[in-house]
Amino acid sequence: MIELRQLSKAIDGNQVLKDVSLTIEKGEIFGLLGRNGSGKTTMLRLIQQIIFADSGTILFDGVEIKKHPKVKQNIIYMPVQNPFYDKYTYKQLVDILRRIYPKFDVTYANELMNRYEIPETKKYRELSTGLKKQLSLVLSFAARPALILLDEPTDGIDAVTRHDVLQLMVDEVAERDTSILITSHRLEDIERMCNRIGFLEDNRLTNVMDLDELKEEYIKIQMAFDTDVNLAIREQNIPMLDQAGVFYTVLIPKSDEEKKSFLRELKPKVWNELPVNLEEVFIAKFGGKRRW
Amino acid sequence: MVDRGLLYREWKQNQVVILLSIAFLVLANPLSIVNTYLSYQGCLDRQDPQYCDFIVNYSISNLIDLNWVPGVILAVCFLGMERSKGTMDFILSLPYNRSQIFQTKFWLGGFVIVLSQLIGFLLAWLLILVYSPEHVYFFEHSSVGVIVISFMAYCLLMAAGALTGSVFAQLLTAFAAAVLPYLIVALPVGNFEVVFGVNIWEMFPSPEAYFSLTSNLLYLVPIGYVASDWLIDSKYILMIPAAMSILFYLIGLISFKKLPSERNGHFFLWNRLDRPVQILVMAFGILGFGLFGYYTGHSIIGYILGMIIGAVAGFFVSYFSIYKKTKV
């Protein structure tokens, strides 16, 4: 569907992205992780041709977007803030967008507005942060795009609204096979939504992984010992998620029988093997260094 | 070239400004006639008819002399405001190429300026037929000339908006470009006269030749057209602002297509312009303040002091305006 080939971009002399390549398939939700300033938003803006890449190409269904911008009728970018929407009501925005996106589905937009009880008569700037995000999503989905680029869609909203926003995205993908490229700081959101994730670090896209496979790779073990084994575990470079007295929680690759044997040789009184979440995998993979 | 969806977006975004511009440009010309007529009627009420003349003369101060102002405001709304408010990103994300975006904005404004004034011209012409003044001077020349000049001002502001990243930068760049030909010629000549103790006009065969040349050169300075001196010269003088319009349009189109939009908020979108323009501003500061220093006391000390002050002022003005990014 969308393919980024060897994308590089420097802004004011600073290299932001270097040789980034990525392919997102139909119906896939791809999570882009990275610290502030790592180039996540720049990558989305490059895809949408708001800014131009210094080198590399971006293809949508094999068509280069820069040369054929009309294919952007199939791609919607939802930034963190959209000042253009501010002075308009829902109806006015629909009126503008349906002339730009030929596939814009007013009936579907109305249905989503009713489902999420978003006020239709208020101007966008008068809505709460959560409602703004929801309205932006409704308008994005109603344009019937094949790919949606979401920049921090759950940033600054409460848990209930976040749940609604995520559900809206999940439903859309399930019903219409829309692809989504999402950036977020929230690992739990990424974990809940994405099929694959990638990490922007040092200008490059690294660790592009299938989320389920990734979680299958690791196992979390809760153990209890008679004695203090902290040093012994650390000497083996086993990531320790938690220690409370004689209770230890560690993370190891599922296939690492050597480390598992070592832990068993320490004669734990309790041994519980548990599934892991994304944050724990990251701690294991990146040695506890916070990178998101 | 111009997309309807994009055109509608521009219309919705700038509805109020466009309507006010149309209203002003349509009414300015007929209101000038009405104003002259009412003055004539007032005169008739107060004085004997033999002392009252109903003459429509466009060479004296007229409301249409301000017709360039809506063009400036429209161009600022189309480009500078979009960059300053952060709405430019939304437009660039839409399924259009940059050429289409610029052309849509440009021709929307262009048609507002030209068509509104043509309607105004037509209404004024009808009023002249109805009122039948004793004499009408410069009506066609002035009305058409003002259309050309206001379009040039609009093109200049659009070009400046395509080169710069904020409203302030757009206005300052447009003003600087509007006076640039004058500064490039007059400041070095003025300084030459001070340093070598000569008068340039003495080098000409006659003072008339000198003044003829300078007055003709003034037509190359865009800001010179704000005054209506061009009206008493040849009609073909208007070919100059027409040619300038084409030049500014091309500069705007190419700049909008090629320059990086990630520098919104910076003075120039193309950072390679920063240093040369800073040097130019400092040079003008040195030459301008030097002349000012010299003419306050007619001394070379004043001249040198002026130059030093000009260098410092030029450096700080250029540094803070060009290198300090405004918040977007």
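Mentor: A strand and its surroundings

From β8(A), A:Ser179, A:Leu181 and A:Thr183 point one way, whereas A:Ile180 and A:Ile182 point the other way, and all are buried. Here a residue is buried if 20 or more other C-beta atoms lie within 10 Å of its own, exposed if 12 or fewer, and partly exposed in between, with C-beta atoms placed from the backbone. In a regular strand the side chains alternate between the two faces of the sheet. Because 5 of the 5 residues of strand β8 (residues 179-183) of chain A are buried, β8(A) is largely enclosed by the rest of the structure. Strands (E, at least two residues) and helices (H or I, at least four residues) are DSSP runs, numbered from the N terminus.

This is a predicted model, in which local features need pLDDT of at least 70 and side-chain atom pairs count only at pLDDT 80 or more, while totals for chains, interfaces and linings use all residues. Residues are numbered from 1 along each chain as its sequence is written, and chains are lettered from A and ligands numbered from 1 in the order in which they are written.

Two strands pair if DSSP finds at least two bridges between them. Strand β3 (residues 29-34) of chain A runs parallel to β8(A) and is joined to it by 4 bridges; A:Ile29 has A:Ile180 as its bridge partner in β8(A). Strand β7 (residues 147-151) of chain A also pairs with β8(A) in the parallel sense, over 5 bridges, and there A:Leu150 has A:Ile182 as its bridge partner. From β7(A) the chain crosses through helix α5 (residues 159-176) of chain A to β8(A), a right-handed β-α-β crossover. Right-handed means that, with the strands pointing away from the viewer, the path from the first strand over the helix to the second runs clockwise.

As for the wider setting, the domain assignment, which is automatic or taken from a database, divides chain A into domain 1 (2-202) and domain 2 (217-285). The centres of these two domains of chain A, taken over C-alpha atoms, are separated by 39 Å.

Chain A also meets chain B: the contact takes 19 residues from chain A and 20 residues from chain B, two residues being in contact if their C-beta atoms, placed from the backbone, lie within 7 Å. Helix α2 (residues 90-100) of chain A gives the most to the side of chain A that touches chain B, with 3 residues.
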